[in-house]
Amino acid sequence: MYRIGELASLCEVKADTLRFYEKHGLLSPSMRSDSGYRLYSPDDAARLKFILRAKAVGFSLNEITELLSIELNKADWACADVKGMVDDKLEQVSTKIAELTVFRDSLQRLSDACCGGPESAEHCSILEALETNRQVRPEHHGNAQHKGDDSCC
């Protein structure tokens, strides 16, 4: 049997993490000592490791709860059910990556369009692009675009 600190140390998490999982119904101690300490069994340790691995690949607490219920009643579920959960999560992650790629590319264009110099931000291309929703172009310093203007962008 493991006390909370021992199990936390074994799994390289904080004791608060175990309490959090307990609060959300993912993990509970097998028993309590006479003095009220939480005591976890090797099965509890295996369950915690399952939770941590599922979390590490991006499953939410609700999804982990569902996976745990499948894990406990494997005979009542088909492999296709589990694969479906993984495929759904994969689609969510792919969608998020696509969104983040758009954000990154937009931010890169904004960054490339501005010299980032010490000049006044009165004519900053980043602010102007955000104000007007216009596309930004990379900054070309010293060209006719500035016509003596002291602003950088």
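Visitor: Two strands pair if DSSP finds at least two bridges between them; in what order do the three strands of the open sheet lie?

Guide: This is a predicted model, in which local features need pLDDT of at least 70, side-chain atom pairs count only at pLDDT 80 or more, and totals for chains, interfaces and linings use all residues. Residues are numbered from 1 along each chain as its sequence is written, and side-chain values use heavy atoms, with hydrogens and water left out. Strands (E, at least two residues) and helices (H or I, at least four) are DSSP runs numbered from the N terminus. The edge strands, each pairing on one side only, are S1 (2-3) and S2 (31-32), and the antiparallel sheet has the order S1-S3-S2.

Visitor: Which residue of S3 stands opposite arginine 32?

Guide: S2 and S3 (residues 38-40) pair in the antiparallel sense over two bridges. Opposite arginine 32 in this sheet stands arginine 38.

Visitor: With which side chain does arginine 38 meet in a salt bridge?

Guide: A salt bridge is a side-chain nitrogen of Lys or Arg within 4 Å of a carboxyl oxygen of Asp or Glu, and the whole structure holds eight. The partner of arginine 38 lies in helix H2 (residues 15-23), 16 residues apart from it in the chain. At 2.6 Å, N to O, that partner is glutamate 22.

Visitor: Is the crossing of H4 and H5 left-handed or right-handed?

Guide: The axes, lines fitted to C-alpha atoms over the stretch in contact, with angles running from 0 to 180 degrees between N-to-C directions, come within 11 Å for H4 (residues 61-72) and H5 (residues 79-112) and cross at roughly 165 degrees. Angles over 145 degrees count as roughly antiparallel, and H4 and H5 are therefore roughly antiparallel to each other. A crossing is left-handed if the near helix is turned anticlockwise from the far one by less than a right angle, and right-handed if clockwise; that of H4 and H5 is left-handed.

Definitions and conventions:
Parallel < 35°, antiparallel > 145°, perpendicular 65-115°, else oblique. Pairing = 2+ DSSP bridges.
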